[in-house]
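Please look over the structure first.

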Number of protein chains: 2
Amino acid sequence: MFERVAIVGLGLVGGSIASALRRQGCHVLGIDRDRSAVGVASDRGLIDRGSTALEELPPNIQAVILAVPVLSILQLLEKVDALAPPGALLIDTGSVKAPVVEVMVRLPGARRAVGGHPIAGKAESGAGAADPALFRRRPFVIVPSDQTDSAAMDAARLLIGLLDAIPEVMDAATHDRVLARTSHLPQMVASALALSLDPGDERVAGPGLQDMTRLAGSDVKVWRDIFLANRQNVLAAADVFIGQLEHLVRVVGDGEAERIESAMEQGRTASALLREVGS
Amino acid sequence: MFERVAIVGLGLVGGSIASALRRQGCHVLGIDRDRSAVGVASDRGLIDRGSTALEELPPNIQAVILAVPVLSILQLLEKVDALAPPGALLIDTGSVKAPVVEVMVRLPGARRAVGGHPIAGKAESGAGAADPALFRRRPFVIVPSDQTDSAAMDAARLLIGLLDAIPEVMDAATHDRVLARTSHLPQMVASALALSLDPGDERVAGPGLQDMTRLAGSDVKVWRDIFLANRQNVLAAADVFIGQLEHLVRVVGDGEAERIESAMEQGRTASALLREVGS
């Protein structure tokens, strides 16, 4: 059990983790350089204590969770490692893992550092949208570096258990390739789809279109960092997707009923796997 | 008020209309050439009476609603017009309107024929998924032909009111261009996205990916007909979308943080309009 944890970054993910841990009885210190985020988190009772200064990390915390955009994680890791007491778990929640783990492996506290990525979210952002149930029954990927020790892995699993999430151990390269397909590409597609509409089209927007463009409303800075940090994998995934779409376009253009039906059937089969996973 | 209506086609849309009208006190005759669809609709109480034969259209019905895939609508219109009593409203629910209205305008009963398209749906299909609330507060497009008279327009509005939907009058060409962007393209994109995944990716599927691929599970025959009937508009919409996506791919490839952020911000603004419409 964690008695005292610190969460750096009080956005949707940080705020939701704070809230879930607090409900489990942990004492949660919330740190965000944005005073108003700290205010929202305090007002909503997501944290026990708030601060805008990393330097206030107390010596008795057992875990520090970095829940800021990916490039900020890279910038903060060294400082947080220096400030956090020895033996405290150091874990992040960034959506790209190779660059994070590359920094973690070189830290003085490399053994207690673990890459993390909760696969959960919603279109709204910020501590105001935080939800302690955000991670419930959702995968939470753990990405150890070559230096991560078993005590840190155990602590990460304990943390994930407190969120009621499902631990899923992966190496960084696999994580970043898979997430490019399952998350980063869909984000880009949602934005491109929103940008393909004409003014007035919203008059006849159905629930399908709303589903297909919801992601386009996500936090712009979070996604800027993800695209920068996972650029090559995202471009490769986009390439595969454009190829698949161009195939469908050709099939529709040829106007042969059976081939259209069979292409749609393949898409249906591929999507059925995802629906079995549940939401 | 309609006292007696007939619905041809007991899938998700036909079954849902049947159920909504029945709750409003209409006597609903459900016709489907598939005996099992009639059975499901009867068992679920969506209809008052079922039949597999169009010829059983009784002389006292006030409206016939054609809720079959688009190409079947085109094939059935003449026969239904011949069988339905004079004065009864003849309306369809197809997702493509130009070819439907082209047939309607040449019918002997052209004056009582109106194109219709309820903008609602869900991933599940069939009468088993029917829901009387499917159309509530959703747009229902009405597309008159040059021959449609005002009595038929009034009857269509009355019907839409009984479904608690919102009538939206459009010409067929506009409807088909707009729907290519708001519905037919998203369907194709969802299928292409599902087809871009690798086996095992579903292990880390988040709610965003599930939203983005849900449409790929839709009825294959319904969509085959839509793509065939609205081919040119769908191809044009796909062209615009691929252009937008390739622009995002270039921006991400160039790796300039500010341009990525501004491109995402534009997508966010475009999607905000849709979210304001509500779901």
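## H6 and H8 of chain B

In chain B, the axes of H6(B) and helix H8 (residues 220-229) come within 11 Å and cross at roughly 120 degrees. H6(B) and H8(B) are therefore oblique to each other. The model is a predicted one. The crossing of H6(B) past H8(B) is left-handed.

Which residues make this contact? From H6(B) come B:Ser183, B:His184, B:Gln187 and B:Met188. From H8(B) come B:Trp223, B:Ile226 and B:Phe227. By class, the residues of this contact are four nonpolar, three polar and no charged.

## H6 and H9 of chain B

H6(B) spans residues 172-195 and helix H9 of chain B spans residues 231-254. Their axes lie 8 Å apart, and the helices pack at an angle of about 65 degrees. An angle from 65 to 115 degrees counts as roughly perpendicular. H6(B) and H9(B) are therefore roughly perpendicular to each other. Their crossing is right-handed.

On the H6(B) side, the contact is made by B:Asp176, B:Arg177, B:Ala180, B:Arg181, B:His184, B:Leu185, B:Met188 and B:Val189. On the H9(B) side, B:Asn233, B:Val234, B:Ala237, B:Ala238 and B:Phe241 take part. These residues divide into eight nonpolar, two polar and three charged. B:His184 and B:Met188 of H6(B) contact H9(B) and also contact H8(B).

How do the two H6 helices cross? The axes of H6(A) and H6(B) come within 12 Å and cross at roughly 165 degrees. Angles over 145 degrees count as roughly antiparallel. H6(A) and H6(B) are therefore roughly antiparallel to each other. H6(A) passes H6(B) in a right-handed crossing.

Chain A supplies A:Leu185, A:Pro186, A:Val189 and A:Leu193 to this contact. Chain B supplies B:Leu185, B:Pro186, B:Val189 and B:Leu193. The residues are eight nonpolar, with no polar and no charged.

## The interface between chains A and B

How many residues does each chain give to the contact? Chain B gives 84 residues, and chain A gives 84 residues. About 8000 Å² is buried between chain B and chain A. Carbon and sulfur atoms give 70% of that area.

## Salt bridges

Over all chains, the count comes to 38 salt bridges. Between chain B and chain A, the count is twelve. One salt bridge joins A:Asp201 and B:Arg181, with the closest N and O atoms 2.6 Å apart. A:Asp201 lies in the loop between helix H6 (172-195) and helix H7 (207-213) of chain A, and B:Arg181 lies in helix H6 of chain B, so the pair joins two chains.

Terms used
Residues numbered from 1 in each chain as written. Chains lettered and ligands numbered in written order. Predicted model: local features only at pLDDT ≥ 70, side-chain atom pairs only at ≥ 80, totals over all residues. Heavy atoms only, no water. Axes fitted to C-alpha atoms, helices over the stretch in contact; angles between N-to-C directions. Helix = DSSP H or I, 4+ residues; strand = E, 2+ residues; numbered from the N terminus. Parallel < 35°, antiparallel > 145°, perpendicular 65-115°, else oblique. Left-handed = near helix turned anticlockwise from the far one by under 90°. Contact = heavy atoms within 4.5 Å. Nonpolar A, V, L, I, M, F, W, Y, C, P; charged D, E, K, R; others polar. Buried area = accessible area lost by both parts, 1.4 Å probe. Salt bridge = Lys/Arg side-chain N within 4 Å of Asp/Glu carboxyl O.
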